[in-house]
Amino acid sequence: MKKLVGKVTEAEKNEIQSLFERRNGLNELAKILTADNQDLYEKLVADMGETGSKFQNWWDTMAQKYQWESAENGHWEINFETCEIFLMTND
C-alpha cells in the first residue's frame, strides 16, 4: 500500500536526492571493486558507512520534524519530482 504522509521542501529533497544518488553509486562501485586494492576498498567501505548514516539520519530528522505516520513493517519513499513522502506497506 502507498499512502501520502507528507511533503518536504525543495532544499530538503535536494539533500536526500544527493545522498540517494551517492549511495547508489557507491553500491555499484562495490560490485566491481575487489579487496585487492586495500586502500581504495577501505575508503569505499568507510564512505558507504558514512553515506548510509547520513541517509538514515535525514529520514529520522524529517520524520520527527514533520511527524509522518509510520508502520511497523513499513518504510517511507520520496517522489523526487513532487517532494511528496509516501508510507509504503505490504497491506
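Q: Is E50 buried or exposed, or in between?
A: E50 is partly exposed, at 44% relative accessible area. Buried means under 20%, exposed over 50%, and partly exposed in between, with a 1.4 Å probe and protein chains only. The model is predicted, so local features need pLDDT of at least 70, side-chain atom pairs count only at pLDDT 80 or more, and totals for chains, interfaces and linings use all residues. Residues are numbered from 1 along each chain as its sequence is written, and side-chain values use heavy atoms, leaving out hydrogens and water.

Q: Which residue does E50 form a salt bridge with?
A: K54, with the closest N and O atoms 3.1 Å apart. A salt bridge here is a side-chain nitrogen of Lys or Arg within 4 Å of a carboxyl oxygen of Asp or Glu. K54 is partly exposed, at 45%.

Q: Where do E50 and K54 lie?
A: Both are in helix α2, four residues apart, about one turn of the helix. Helices are DSSP runs of H or I with at least four residues, strands are runs of E with at least two, and both are numbered from the N terminus.

Q: How many salt bridges does the structure hold?
A: Six. Among them is E10 with K13, also 3.1 Å between the closest N and O atoms. K13 is buried, at 8%, while E10 is partly exposed, at 46%.

Q: What about E28 and K31?
A: Their side chains meet in a salt bridge, 3.1 Å from N to O. K31 counts as exposed, at 63%, and E28 is partly exposed, at 47%.
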